[in-house]
Amino acid sequence: MDPIASWLHEKNPGLDGPIDADEDLIEARLIDSMDFLEFIDLLEELSGSSIDLQEVTIDDFRTIGRVQERFLSAAP
């Protein structure tokens, strides 16, 4: 999850310390609507497959743990 945590720290320069796997990224405002498509691109790059936005819900992106489970569990 290092690439995701690095990306989140880059987007949130005031963020200190690690991001808990269960922290709500949306409620904590670590991902906003302006960054969401870039976040999707990152996940597609990491997983090696495209994400069909009609087949996902916002909850699939809510925590790092859920992102890993939903999109990266089968990543090479």
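Here is a short chat about the aromatic pairs and the nonpolar core of this predicted model.

Student: What should I know about the numbering and the cut-offs for the model?

Tutor: Residues are numbered from 1 along each chain as its sequence is written, and side-chain values use heavy atoms, with hydrogens and water left out. The model is predicted, so local features need pLDDT of at least 70 and side-chain atom pairs count only at pLDDT 80 or more, while totals for chains, interfaces and linings use all residues.

Student: How many aromatic pairs does the structure hold?

Tutor: There are 4 aromatic pairs. Rings of Phe, Tyr and Trp (its six-membered ring) pair if their centres lie within 6.5 Å; planes under 30 degrees apart count as stacked, over 60 as edge-to-face and the rest as tilted.

Student: Why is the pair of Trp-7 and Phe-39 called tilted?

Tutor: Their centres are 5.2 Å apart and their planes sit at 35°, so tilted it is. Trp-7 lies in helix α1 (residues 2–11) and Phe-39 in helix α2 (residues 36–47), so the pair ties together parts that are 32 residues apart in sequence. Helices here are DSSP runs (H or I, at least four residues), numbered from the N terminus.

Student: What makes Trp-7 buried?

Tutor: Buried means under 20% relative accessible area (1.4 Å probe, protein chains only), with exposed over 50% and partly exposed in between. Trp-7 has 8%, so it counts as buried. Phe-39 is buried too, with a relative accessible area of 0%.

Student: And why is the pair of Phe-36 and Phe-61 edge-to-face?

Tutor: The planes are at 80° and the centres 5.0 Å apart, so that pair is edge-to-face. Phe-36 lies in helix α2 and Phe-61 in the loop between α2 and α3 (64–72), so parts 25 residues apart in sequence are tied together. Phe-61 is buried, at 1% relative accessible area.

Student: Which residues have the most contacts inside the largest nonpolar core?

Tutor: Ile-4, Leu-8, Phe-39, Leu-43, Phe-61 and Phe-71, in a core of 19 residues. A nonpolar core is a set of buried Ala, Val, Leu, Ile, Met, Phe, Trp, Tyr and Cys residues joined through side-chain atoms within 4.5 Å. Helix α2 gives the most to this core, with 5 residues.

Student: How do you know that the buried residues of α3 line one face of the helix?

Tutor: Those residues are Ile-64, Val-67, Phe-71 and Leu-72. Seen down the axis of α3, they fall within an arc of 70°, so they line one face. That arc is taken from the directions from the helix axis to the C-beta atoms.

Methods
Helices (H or I, at least four residues) and strands (E, at least two) are DSSP runs, numbered from the N terminus.
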